[in-house]
Amino acid sequence: MPLTKSANLEIVDYLLSAEREGYEVTKVTERYPDLTIDDAYSLQKQLIERKVQDGVKRVGVKLGLTSKAKQEMMGVHEAIYGYLTSDMLGLEWEPIVFNQLIHPKAEPEIAFLMGEDLCGTNLTEEDVLKAVKYVAPALEIIDSRYLDFKFTLPDVVADNCSSSRFIVGSNWIKPDQVNLANIGMVMSKNGEVATVGAGAAVLGHPAKAVAWAVNKLGEHKEGLKKGDIVLTGAVSEAISFRSGDSIHAQFADLGSVSFSCS
Ligand code: OOG
């Protein structure tokens, strides 16, 4: 049975309050066990529309569950997408405030800056690369609103794929100047290596992951816009951090990006 209008409103309020006030909630599927992926994308869209009404801007798209390891962990075969909004944008020189978050984790990612609009349902990796103006190193902070970071696929999609903050490094380069699949990455916490990864962890190539996302968005008559930032998916596992920690991701050929947490 489709969700009623009041159930949609109630779930959006429930997730938005948890995010704004920084507390954990039980999964939506505990109350609505029949929630489908389509219901979840519709909830996600309503959640972003509510944020936009409240004054933030949509600034891009993020991909999740793009690595085999994460898909296996969740028992799924598909990636997911969510939206980036202006209130999520962190800066390298301004500490992330731990008290505003629940149980954050950092993920190293390759960011794309779109030089053109891109919309369709049959686009390829090559089409994506033609529309990308720059690539840059990035760190995404995910902070699921669900208890213990545990959820089903519809839950995480409704929760805008755990999106919380993101920081983009200042080294922007043209996509044809690097081999994005071969880029190695080392992420450190407080100066100690925490995890390593490579661009190919993202569905074989980050542009392939983005082509998947654009085609999915296309099914809903949406797409990427010129100027959008796209976080193409984690190139390694996510690392937890707390107040006092600093996180640094060094990408071969792409430079580095870091943040600290107050
Ligand atoms: C879902 C979002 C994960 C990624 O890049 O895989 C994600 C989660 O694990 O909370 O952003």
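View 1. Welcome to a predicted model, in which local features need pLDDT of at least 70, side-chain atom pairs count only at pLDDT 80 or more, and totals for chains, interfaces and linings use all residues. Residues are numbered from 1 along each chain as its sequence is written. Strands here are DSSP runs of E with at least two residues, helices are runs of H or I with at least four residues, and both are numbered from the N terminus. Strand β1 covers residues 58-64 and runs antiparallel to β2, with 6 bridges joining them. Two strands are said to pair if DSSP finds at least two bridges between them. Strand β2 (residues 80-85) is largely enclosed by the rest of the structure, because 5 of its 6 residues are buried. Buried here means that 20 or more other C-beta atoms lie within 10 Å of a residue's own; with 12 or fewer the residue is exposed, and in between it is partly exposed, the C-beta atoms being placed from the backbone.

**View 2. Strand β9 takes up partners in β1 and β4.** Follow Lys-62 to its other bridge partner, Leu-231 in β9. Here β1 and β9 run parallel, joined by 3 bridges. With strand β4 (residues 105-114), β9 pairs in the antiparallel sense over 4 bridges, and Leu-113 stands opposite Ile-229 of β9. How many of the residues of β9 are buried? The count is 6 of 6, so β9 is largely enclosed by the rest of the structure.

**View 3. The ligand sits among 13 surrounding residues.** The closest of these are Gly-64, Ile-142, Ser-162, Gly-233 and Ala-234. Sorted by class, the shell holds 5 nonpolar, 5 polar and 3 charged residues. For that sorting, Ala, Val, Leu, Ile, Met, Phe, Trp, Tyr, Cys and Pro are nonpolar, Asp, Glu, Lys and Arg are charged, and the others, Gly among them, are polar.

**View 4. Asn-160 and Cys-161 both have a positive phi.** Most residues other than glycine have a negative phi. For Asn-160, phi is near 50 degrees, and for Cys-161 it is near 55 degrees. Asn-160 is found in the loop between α6 (153-158) and β6 (163-168), and Cys-161 lies in the loop between α6 and β6 as well. Are these two residues buried or exposed? Asn-160 counts as buried because it has 27 C-beta neighbours inside 10 Å, and Cys-161 counts as buried with 23.

**View 5. Four strands line up as an open sheet, β8-β7-β11-β12.** The pairing in this sheet is antiparallel. At the edges are β8 (192-198) and β12 (255-260), each pairing on one side only. From one strand to the next, the twist averages 15 degrees, taken between N-to-C directions of axes that are lines fitted to C-alpha atoms, with angles running from 0 to 180 degrees. Look between β7 (residues 184-189) and β11 (residues 246-251) for 5 bridges; Lys-189 has Ile-247 as its bridge partner in β11.

**View 6. Phe-241 is buried in the loop between β10 and β11.** Around Phe-241 there are 23 other C-beta atoms within 10 Å, so the residue is buried. Beyond residues up to four places away in sequence, Phe-241 touches Pro-104, Ala-106, Lys-189, Ile-247 and Cys-261. Such contacts require C-beta atoms, placed from the backbone, within 7 Å of each other.

View 7. Leaving aside neighbours within four places in sequence, the contacts of Leu-139 include Phe-166, Ile-167, Ile-247, Ala-249, Val-257 and Phe-259.

How values were computed: Two residues are in contact if their C-beta atoms, placed from the backbone, lie within 7 Å. A residue is near a molecule or strand if its C-beta atom, placed from the backbone, lies within 6 Å of it.
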